[in-house]
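Here are my notes for someone opening this entry for the first time. Please read them beside the sequence and the 3D view.

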Amino acid sequence: MAVQPDIKNFTEQTLAHWLEQRDIKPYRATQILKWIYHRKVYCFSEMTDISKQRRQWFSQELRISRLKPVEVQSSSDGSKKFLFRLKDGQCIESVLIPERGHSTLCVSSQVGCAMGCKFCLTGRGGMVRDLEPAEIVNQVCAAQDDLSDPDRLTNIVFMGMGEPLANYNGVVQAIDNITNDRALQFANRRVTLSTVGLAPKINDLGRDTKVNLAVSLNAADNKTRDTLMPINRTYPIETLLSACRKFPLPSRRMITFEYVLIAGLNDKPEDAQRLAKILRPLRAKINLIPFNSFEGSPFARPDEATILAFQKVLIDRHYTTIIRQSKGSDIGAACGQLRAKSCSVDGLIKSPN
Ligand code: SF4
């Protein structure tokens, strides 16, 4: 018997089209999405405003997938890490981070990653496969199920395992369901996608969605960035920043630039000065992420004085600059560490972008 399509792999539009091709009114798509995402009903037979016969037809033709964590780890700082096992046995993680009355969920977009950033353990493990849209959306649904008040989950960041723009179609379809009022209802300004800088895809993202853009930059010159991030040889800093300048930014929104601070490599005041210079005239804010050490890594975290001096250079040049503290260090702060322990993958995994 053929596997039924997973309804969570459809957007409202593609589901309406799929139904129309089967002589079913397209408004049924809206109706079903509301049952699933608003009322959390995961069985067609319970969708009582649809005729019994039609409900039966839906049950035969489509399935509604869910993800339940196989392991949950809670940190003393309140963050929670979920490990999910997918239908092919692969594992992914999401991290729920509480922040003054609301929560942010960091989702994965791929199993593994092909980008090979030198400061990241996920990169070391290599690429396994793209996540389906349903597997991304289900990370959000599972986090909502875990919270006593699902409305407390207000922000979604694509900063977990994988490079989201390398799984472009899957991620954009997931974003559609995350931001659609008939589905998960997150405001576009509450969703952020972080990329290593696939420049042409940044243009596409600006055309196809209205979410926030974050760029994992990590160096202000090509020589240093080449050594840290192989993608820089394909899309060097000038190409990347040119794509950022064309990215459509609604008023009062900024592009976030993430910068992993590594001792002796990119943490000097001159690096900060160069960074301030190359980002002009972009509306940019900067997240500094002191390197989180892992076994076998050749890099080290700078000392506090160096981190603060770097931040001061940027603040003096009027950039909002935050030092991002690592959450959940007692539960394996880095994205992928739980997965590495529970699944047979090589090495530990970490995704700072
Ligand atoms: S930092 Fe992100 S893009 Fe780079 S290797 Fe890690 S997961 Fe991939």
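1. What should the 14 residues of helix H5 (residues 133–146) span at 1.5 Å a residue? The answer is 20 Å, and the end C-alpha atoms of H5 are 20 Å apart, which agrees. The expected span is 1.5 Å times one less than the number of residues. Helices (H or I, at least four residues) and strands (E, at least two) are DSSP runs, numbered from the N terminus.

2. A word on the source. This is a predicted model, where local features need pLDDT of at least 70, side-chain atom pairs count only at pLDDT 80 or more, and totals for chains, interfaces and linings use all residues. Residues are numbered from 1 along each chain as its sequence is written, and side-chain values use heavy atoms, with hydrogens and water left out.

3. Confidence. pLDDT is the predictor's confidence in each residue, from 0 to 100. The protein has a mean pLDDT of 91, and 92% of its residues reach 70 or more. Residues 333–353 stay under 50. For that stretch the model has 88 contacts (heavy atoms within 4.5 Å) beyond four places in sequence.

4. Back to H5. Of its 14 residues, 12 are buried, so H5 is largely enclosed by the rest of the structure. Buried means under 20% relative accessible area, exposed over 50%, and partly exposed in between (1.4 Å probe, protein chains only). Among the buried residues are Pro-133, Glu-135, Asn-138 and Cys-141.

5. Helix H2. Gln-31 lies in H2 (residues 27–38). Gln-31 is buried, with a relative accessible area of 15%. Leaving aside residues up to four places away in sequence, Gln-31 touches Asp-49 and Ile-50.

6. Aromatic rings. The structure holds eight aromatic pairs. One of them joins Phe-291 and Phe-299 edge-to-face, at 5.8 Å centre to centre with 90° between the planes. Both Phe-291 and Phe-299 are buried. Rings of Phe, Tyr and Trp (its six-membered ring) pair if their centres lie within 6.5 Å; planes under 30 degrees apart count as stacked, over 60 as edge-to-face and the rest as tilted. Ring pairs also link Phe-10, Trp-18, Phe-44, Trp-57 and Phe-58 into a cluster.

7. Charges over rings. Arg-22 lies over the face of Trp-18, 3.8 Å from the ring centre. Lys-201 lies over the face of Tyr-168, at 5.0 Å. The test asks for NZ of Lys or CZ of Arg within 6 Å of the ring centre and within 35 degrees of the ring normal.

8. Backbone points to check. Most residues other than glycine have a negative phi, and most peptide bonds are trans. Lys-40 has a positive phi of about 55°. Lys-40 lies in the loop between H2 and helix H3 (52–61) and is partly exposed at 25%. Arg-100 has a phi near 30°. Arg-100 is in the loop between strand E3 (91–99) and strand E4 (102–106), and counts as exposed at 86%. The peptide bond from Arg-280 to Pro-281 is cis, with omega near 0°. Pro-281 lies in the loop between helix H10 (269–279) and strand E11 (284–290).

9. Cysteines. A search of the whole structure finds zero disulfides, taken as pairs of cysteine sulfur atoms within 2.5 Å. For Cys-43, the nearest cysteine sulfur is that of Cys-141, 16 Å away. Cys-43 is partly exposed at 33%, whereas Cys-120 is buried at 8%.
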